[in-house]
Amino acid sequence: IHLEEDDNWIATNFFALWYHRAYRNTNPIQDVQLKGIAGGEKLTKDEEELLEINNVVFARGDNALVPGRFMNGINIQMGINRIARELGKLKWGIVSSMESEFIVPETFSSCRILPISPKIILLGDSENLIIPKRWIIQVNQLAVSFCRTYYFAHKLSNCPIKET
């Protein structure tokens, strides 16, 4: 099994989304006040939600504050586009474990590792591999080292992080 060009493009874009969502989760952009814009009428919560459902960005009240979530979303999309351009032709290898499982952190930061299932990760610039337990330990140690708030696994007791 190997990934086709479209599959690699999808994996790269998913990696970029995962990276930027984790980054913005811990580093959110706050509400932004528009300079030189007079405030408008106050919208009700229902009116704000109706606008948002219809993909309309709005500013709140007299001080023309744009909710930070809009800026976060735009920033995430710009980051995805940047990474997709930078890693355009990246080939992802399918890396499998026969015995142990991988830990999934909220992000692997810029390390080109993309968890797919308990025993499969995609690895950027790699061939398809079946890796031994000592390499799984290294990946899991890396996963834990990147954690700021959480990590998870199908079954943590099947995820070695030390030689036994």
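Hi everyone, let's start with D62, which sits in the loop between α2 (45–53) and β2 (65–66). Please keep in mind that this is a predicted model. Is D62 buried or exposed? With a relative accessibility of 72%, D62 counts as exposed. If we set aside its neighbours within four places in sequence, the contacts of D62 are with G39 and G40. Here is a distance for those of you who like numbers: D62 and D7 are separated by 55 residues in sequence and by 47 Å in space, C-alpha to C-alpha.

Now let's move to the core. The largest nonpolar core has 25 residues, and the members that touch the most others are W92, F102, F108, L114, I121 and L122. Which elements give two or more residues to this core? They are α1 (5–26), α3 (68–86), β3 (92–97), β5 (113–117), β6 (120–124) and α4 (133–146). The largest share comes from α1, with 4 residues.

Let me pick out L114 from that group. Leaving aside neighbours within four places in sequence, L114 is in contact with A11, F14, F15 and W18, and also with W92, I121 and L122.

W92 brings us to β3, so to speak. In β3, 6 of the 6 residues are buried, so this strand is largely enclosed by the rest of the structure. As a reminder, side chains in a regular strand alternate between the two faces of the sheet. Here, W92, I94 and S96 point one way from β3, while G93, V95 and S97 point the other way, and all are buried.

What does β3 pair with? One partner is β6: the two strands run antiparallel and are joined by 5 bridges. In that pairing, W92 stands opposite G124 of β6. Another partner is β7, which pairs with β3 in the parallel sense over 3 bridges. There, S96 stands opposite I130 of β7.

Which residues of α4 are buried? They are I136, I137, V139, N140 and A143. These residues cover an arc of only 165° around the axis, which puts them on the same side of α4. On the other side of α4, Q138 and S145 are exposed.

Finally, a word on cysteines. How many disulfides does a search of the whole structure find? The count is 0. Remember that a disulfide is a covalent bond between the sulfur atoms of two cysteines. For C147, the closest cysteine sulfur is in C159, and at 12 Å that is too far for a bond. Looking from the other end, the sulfur of C159 has C147 as its closest cysteine partner, again at 12 Å and too far for a bond. What about their surroundings? C147 counts as partly exposed, at 21% relative accessibility, whereas C159 is buried, with a relative accessible area of 7%.

I'm happy to go back to any part of the model on screen.

Key:
Residues numbered from 1 in each chain as written. Predicted model: local features only at pLDDT ≥ 70, side-chain atom pairs only at ≥ 80, totals over all residues. Heavy atoms only, no water. Core = buried A, V, L, I, M, F, W, Y, C linked by side-chain atoms within 4.5 Å. Buried < 20%, exposed > 50% of the residue type's maximum accessible area, 1.4 Å probe, protein only. Contact = heavy atoms within 4.5 Å. Arc of directions from axis to C-beta. Pairing = 2+ DSSP bridges. Disulfide = S-S within 2.5 Å.
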